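Dear colleague,

Please find below the structure for your records. My notes on its backbone follow directly after it.

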Amino acid sequence: MKPPRVVIIGAGIVGANLADELTQRGWTDITVLDKGPIPLTGGSTSHAPGLVFQTNASKTMTEFAAYTGAKLASLVRDGESAFNRVGGLEVATTAARMEELKRRQGWATSWGLEARMVDSAEAKALHPLIDENQVLGALHIPSDGLASSVLAVQLLRERAESRGAVFIGSAPVTGVERHAGRVTGVRSGDTVFPADIVVSAAGFWGPAVGDLIGMKVPLVPLAHQYITTSPLAPLRGSAAAGRTVRGTGNSADLPILRHQDEDLYFREHGDRLGIGSYAHRAIPVGYDEMPNTGEITEHNMPSRMPFTSEDFEVPWKNCQLLLPSLHGATFEDAFNGIFSFTPDGGSLVGESRDLRGFFIAEAVWVTHSAGVAKAVAELLVNGRSETDLRELDVARFEEVQLQPDYVLETSQHNFDEIYDIRHPLEPRTSPRNVRVSPFHRRQVELGAFFLETAGWERPHWYEANAGLVAQLPEAWQPPERDAWSAKFESPISAAEAHATRTNVAMYDMTALKRLEVSGPGALPLLQKLTTSGLDKSIGSVTYTLMLDEAGGVKSDLTVARIEEELFQLGANGGLDLDYLVKHAADQSAADPALWAQVRDTTGETCCIGVWGPRARDLVAQLTAQDLTNGGLKYFRAASTSIGGIPVRLMRLSYVGELGWEIYTTADFGLRLWDILWEAGQDLGVIAAGRGAFNSLRLEKGYRSWGGDMDTEHDPFSAGLGFAVRAAKEGYIGKEAAEKRRNEPAAKRLRCLTVDDGTSMVLGKEPVFVDGTNVGYVTSAAFGHTVHKPVAYAWLPAQMEEGEQVEISYFGKMISASIVAEPLVDPGMVAIRA
C-alpha cells in the first residue's frame, strides 16, 4: 500500500523531527511548510536556549526528554554534535527546595535516570561559578545537557530530505482543504498541497492554524526573558570559550544550572553565560504584537520581543548572589523570547474530533521535541504510541477549559508557577467554582474542603465531621503524618471512612464522566470497543475495558444497559468521549443503518453514592423499588423514583461496601440530596469526601486508570484479566490481549503495605530490593480500615507475596511488604449483602 501524503505545518524542532521519524518509517511523501524562511524560520526553535533537564513528575515527559537527548546526540556534523551532555545541576537555597530536590531525585530514579543529591561543596566542584555559601545542596543528573536546536533542525531536515521529504519556507498556511469530514490538503496562497494527513507543529502559531478548521488549541504565547552576558573572566581560556558562542549546544563545559528558588536558569556560551528568567510577570503576546521583522536573522525574528529591563532588575541581583563572577558583567544580548504555555503546562497532541486526519503537536519545547515526534509518528504509522499519551492528548480538556478566558488565565498561572513546589493534590487558586454539583450549597454548609479537578469542585472532607474523630475506636485513630503528606489531608477522612465501613455515608460522584450511547449502532459500537460481552438484559451493568491494538489498557468503563438501544457509561474523561465519538462516526459511515449517538451527560446530570452497611436502610424507605438481593442484585440498574424524584439506581460501589449510585438530572439534584439527608438523620448518615474514598478504594484493590495503569500495561499484569472475556471475538485488541494472556509478564501491579504502619508515601516513588531500583509506586493512601499505609506499585512479576521492598520517600527508605489483595472483604460479602 502506498504511504499517505503528509503535510506538516511548521519546520521547527518538532516538525523537522516528525519528518525525520516518518521518513525513517517509510513514509516519504512528506511536505513541510513554514511561514518563515528555511532554515531559520523565526519561531521559538530559532532562539531556544536548548536546556534539556529530563526530570519530570511525568514518566512520559521524562522518557521523551531522554529520547530527545539520545537522538540529538547522534546528529553530528564535522565532529560537532547537536547535543552536549554536560549534565544538569538543580541547586537548593532553602530547606523546602532541598526536600523538593529529593522528591525529584525519586522521580528520576523511578523513570530510569541516574540521579544523585550532592552537597554544596560538590555542587561548587561541578559548577565552579557557584557561591557554595548560598547553596544547601543540589540534584545532579549526569545525562542532562544542551541541545543545539538550530543545528539539529538543519541535520534532521537534510536527513528527511534525503529520504524524499520536501521543506518549503516562506509558505504561510492560509487554509485547510476538506471533503466528507476528512482533510484533503493545505493551502498556501494559490497553491494547494494535497494531503491525507496534516500535522500542525506550528508552535505558538498553533491556535491560528487551529482556527482554520474551527479547532480550539488551548495555548498562549508568553514572553520569557533571556540574556547573554559579556565575557566572564573565569570562563576565559576554557575549552568552551574557543567554540561557537551562540546557536550551538557545544559551546559549554559547565553543567546546565537551575536556581528554581528564584525562577532562574543558566547555561554556558563559551566565555559568556546565558540566563533565563521566569521571575517576572506573565507577559502574553498577541499575534498583532509580534515584530514584523522582514528579513529574519538570529537577532531579528517574530519570536524575539524587546527586552523589558525593569522585569530583570531583581532577578539580576539574585543571579549575582548565586554566581558572584557576574558582578561587573553587562548584557551583550537581551530579549523577551516567545514560548507556548497551556492551561495545565502540558503539550498538545492528538487528532481533531471534527476533521479526521488533522493532527496537532503543539506546545512542545526542545526538551521533549524528538520524543513527542517519535510518539506522533508511531501514532500515525502504527495507530498507537509505544509511550502512553494521555497527559498530552488535547482531548483531555473539558469544553470550559478551552474557552479563551480560561486558557489565558490558567496558562499565565502555569508560567508564574513553573518552578514552584507543588503538592500533587494542590488545587489551582483561580479560576474556582467553575463547575459545581447541585449539592454544592449543602456541602458548603457542612464545611466541605474542596479540591479541584477539570474545573469541578470536589469535597475532600467535611469539617462538620470533625467531632467524630475523637469518637473513633483507638485502632481507627489516624497517626501523625509528616508535613508533606499531611498537606490537603485531614484526620476527618478517618472518621468518614469509619462511617462508610460501619454505618452509611453519602458521596458526591457528580464530577465523574458520564456518557450515553444510543441508537441502533450503540451495541455494535460498544461490542467492538470493549473486552466484555454487553449484549445482556436491560438493567445489566458491566465493568469492562477498552484496549488499543497492542492490548494496552486504553480505559476502563462501567456500562449499564438502560434500554435496548441506550447505554450509560461511567468513563474516565474526555479521551473516552473523543474515542467513542470517532468510532461511532466511522461505524455510521461504513453502515448508515448502524448510527450511534454519543453524548456527554455529565453536566446535565448528577450522582450521589450512598454506601455502607446501612445504605439499604436509608434508601429502601424512599422508593418502591425492591432493593433486596432478589430485587436488585449487585451490578444491576433500575429506573425508579426517590421521594418523587425520578432516578436511575445502579448497585455499584467503588468503596467496597453495600450501596447504590443514584443518578438524576441536575435540576432535581439538590432536592434528591435533601431527601436522602433527611431520611438518613435517624441512621446517623454523614457526607464523606474524596480523602476517605481514595483510602477505601485502595483497600478494596480497585484500580484507577491513568494512575495505576494505562496503554503501556496489559490487563493481566494490571490485575484486570477478569474483565477480558476469552470467548468474546471481534473487539479491538483481541489478538494482542490473548497473546498477552498466555505470555509471562515482566512486571505486575502489586499491593504493598508499609511495615511500620505509619510512614506515608504518595505515589511515583521508586521501589528498591537489595538497593536496586525495581519499580515505582502508582497510588497510595493511608488505609483506615487496615490501619496502615497502602500502596500499589509496578514490580518484577516473579516477586511473591510476603517479600519485602523499600520505598524511597524524600530519600528516606521505608520498608513495605507485598500482600494479597484485596485487603478488605476478599469474599465480597459486604458489597453483596
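**Backbone features**

The loop between β38 (747-754) and β39 (766-769) contains Lys764. Please note that the model is predicted.

**Positive phi angles**

Most residues other than glycine have a negative phi. Lys764 is not a glycine, yet its phi is positive, near 80 degrees. Is Lys764 buried, partly exposed or exposed? Its relative accessibility is 31%, so Lys764 counts as partly exposed, given that this class lies between the cut-offs of 20% and 50%.

A positive phi also occurs at Asp825, again a residue other than glycine, with a value near 50 degrees. Asp825 belongs to the segment that follows β43. With a relative accessibility of 17%, Asp825 counts as buried, because buried means under 20%.

**Cis peptide bonds**

Most peptide bonds are trans. Which residues are joined by a cis peptide bond with omega of about 10 degrees? They are Ile38 and Pro39. Of this pair, Pro39 sits in the loop that runs between β2 (30-33) and β3 (51-52).

Glu821 and Pro822 are likewise linked by a cis peptide bond, where omega is about 0 degrees. Pro822 lies in the segment after β43 (812-819), and Asp825 is found in the segment after β43 as well.

With kind regards

Methods: Residues numbered from 1 in each chain as written. Predicted model: local features only at pLDDT ≥ 70, side-chain atom pairs only at ≥ 80, totals over all residues. Heavy atoms only, no water. Helix = DSSP H or I, 4+ residues; strand = E, 2+ residues; numbered from the N terminus. Buried < 20%, exposed > 50% of the residue type's maximum accessible area, 1.4 Å probe, protein only.
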